[in-house]
Amino acid sequence: MAPKLCVLCETAKAMLRRPKTGQQICRDCFFYVFETEVHNTIVEAKLFKSGDSVAIGASGGKDSTVLAYVMKTLNERYKYGLELFLLSIDEGITGYRDDSLETVKRNQQQYDMPLKILSYDELYGWTMDAIVAQVGRKNNCTFCGVFRRQALDRGAAMLGVDHIVTGHNADDIAETILMNIMRGDIARLGRCTAICTQGEDTIKRSKPFKYAYEKEIVMYAYFKKLDYFSTECIYSPDAYRGHARAFLKDLEAARPSAIIDIIHSGEAFEVKEEVKATQHVQQTCQRCGYMSSNPLCKACTLLEGLERGSAESGLTERARKKLEAEGPTPENIRTIPFFNKTPSGNPGLSIAVEIPA
Amino acid sequence: MSSDNLSLKIEFGGGLELLFSKQRSHNITIPAIVRKDDSTSSLPQENDVETKPADITYLIHHLRDHLLKERPELFIENKTVRPGILVLVNDTDWELEGEGDYQLKNGDEIVFISTLHGG
């Protein structure tokens, strides 16, 4: 069978079929269209302005490794004028994160970008290994997710950046849309397709790979021979996401455009004003100053539960009431350093001097 | 003809190597003519067994039976690779090469990459 030619340049041998369009294209045209689509996503959403400092949330995995490479490439090619950093969170998972952080350290050299690593241990006084030892393997992903989100913001504040970009790809977003539909989480359904989110006082967060298929990200990494780490978290199974993922992959096998179609559907949902009105107003955590929809942010609630030996109290109403009945929060309990992002654009991290009751 | 063998280079990536002795690269030899039902247990010798030239569908079964060390369900599903695993034939997406029906040639390099591991 004669080799098929690339439908774009019509000269080189086609090397892959684009899932989004079905086009058969060669390696060089693939690099070009993949990078250009990300560039168009960035430009159309007006994600950056010249002079911005941007932290790339880097786990050492495929998505963030490709993101770092592509951000560096585009920043140079299109003269975005961005100062780029790598920001990694060390959850403290022996045999998993310690290995993937080695990959990030190599990326730091390869891409010549400053790297900041912030650990759960440093910020919360707890590693995930220690948390799992206390809470078991049932709700550990809740702790990890809440802690990672806040750690990224705090790491970004330490770096003094304006913006965090993460490697979330089209498959991840489609998965999240499905999960929010299946859980009836209308508030999150309304937010999860946004390319850029920004809380009242936190750093901007965006997803330049929002429309990039996982298949293309992996192909890009393979063809470019990028150095990435691929091992499942040893505490892994977020079972619910796993089901959504398997379902989505089956859909994609039957119809490759399914992923982009789901994102389109997600974007088209409009959340009614009455529904929005029932959502909590953003406020600031009394204890650590981080944005929160309750007087105490989720991370502080979870941390207090861990510190008081009642990890469940951050998760269920019943356990929370039980802990409250045991008495007020002890004065000397470990807390998260106070988050102080000043509006002047000079964010910093200070140490809590007092703990409001 | 049926005694001919094919030498193949097999690569696993994206975490799939964990199922194959944590080794990314393998050199294997398979028969050029195989049973049409993809059974890898014996070479087709009897006359009444239907045969075919070895293709990727056969290779997937061969890898499961002879190279895979654990959790076959993470590799094979419904006689093909599990959705989310990319296959490349000599660096070309197998979707351009007929997927499972691609007839293997001596010296081919087949790469399997999982896309399912964390980002």
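In helix H2 of chain A, Lys62(A), Asp63(A), Val66(A), Tyr69(A) and Val70(A) meet Glu214(A), Ile217(A), Val218(A), Tyr220(A) and Ala221(A) of helix H9, where contact means heavy atoms within 4.5 Å. Helices here are DSSP runs (H or I, at least four residues), numbered from the N terminus. This is a predicted model, in which local features need pLDDT of at least 70 and side-chain atom pairs count only at pLDDT 80 or more, while totals for chains, interfaces and linings use all residues. Residues are numbered from 1 along each chain as its sequence is written, chains are lettered from A and ligands numbered from 1 in the order in which they are written, and side-chain values use heavy atoms, leaving out hydrogens and water.

Let us stay with this first pair. The residues joining H2(A) and H9(A) divide into 7 nonpolar, no polar and 3 charged; Ala, Val, Leu, Ile, Met, Phe, Trp, Tyr, Cys and Pro count as nonpolar, Asp, Glu, Lys and Arg as charged, and the others, Gly among them, as polar. H2(A) covers residues 62-77 and H9(A) residues 214-223, and their axes come within 10 Å, crossing at roughly 65 degrees. Such axes are lines fitted to C-alpha atoms over the stretch in contact, with angles from 0 to 180 degrees between N-to-C directions. The two helices are therefore roughly perpendicular to each other, as angles under 35 degrees count as roughly parallel, over 145 as roughly antiparallel, 65 to 115 as roughly perpendicular and the rest as oblique.

Next, find helix H11 of chain A (residues 258-268), whose axis comes within 9 Å of that of H7 (residues 170-183) in chain A, with a crossing of roughly 50 degrees. That angle makes H7(A) oblique to H11(A). Among the residues in contact are Ile173(A) and Ile177(A) of H7(A), and Ile262(A) and Gly266(A) of H11(A). By class, this contact has 8 nonpolar, 1 polar and 1 charged residues.

H11(A) also packs with helix H10 of chain A (residues 239-254): the axes come within 8 Å and cross at roughly 115 degrees. Here Leu248(A), Leu251(A) and Glu252(A) of H10(A) meet Ala258(A), Ile259(A) and Ile262(A) of H11(A).

Now step back to the whole chain. Chain A has domain 1 (29-230 + 237-279) and domain 2 (282-357), with bounds from an automatic or database domain assignment. The C-alpha centres of these domains of chain A lie 25 Å apart. About 2,200 Å² is buried between them, 69% of it from carbon and sulfur atoms; buried area is the accessible area (1.4 Å probe) that two parts lose on being put together, summed over both.

Finally, turn to chain B. Its contact with chain A takes 27 residues from chain A and 24 residues from chain B. Arg17(A), Tyr222(A) and Ser230(A) supply 23% of the area that chain A buries against chain B, more than any other three residues.
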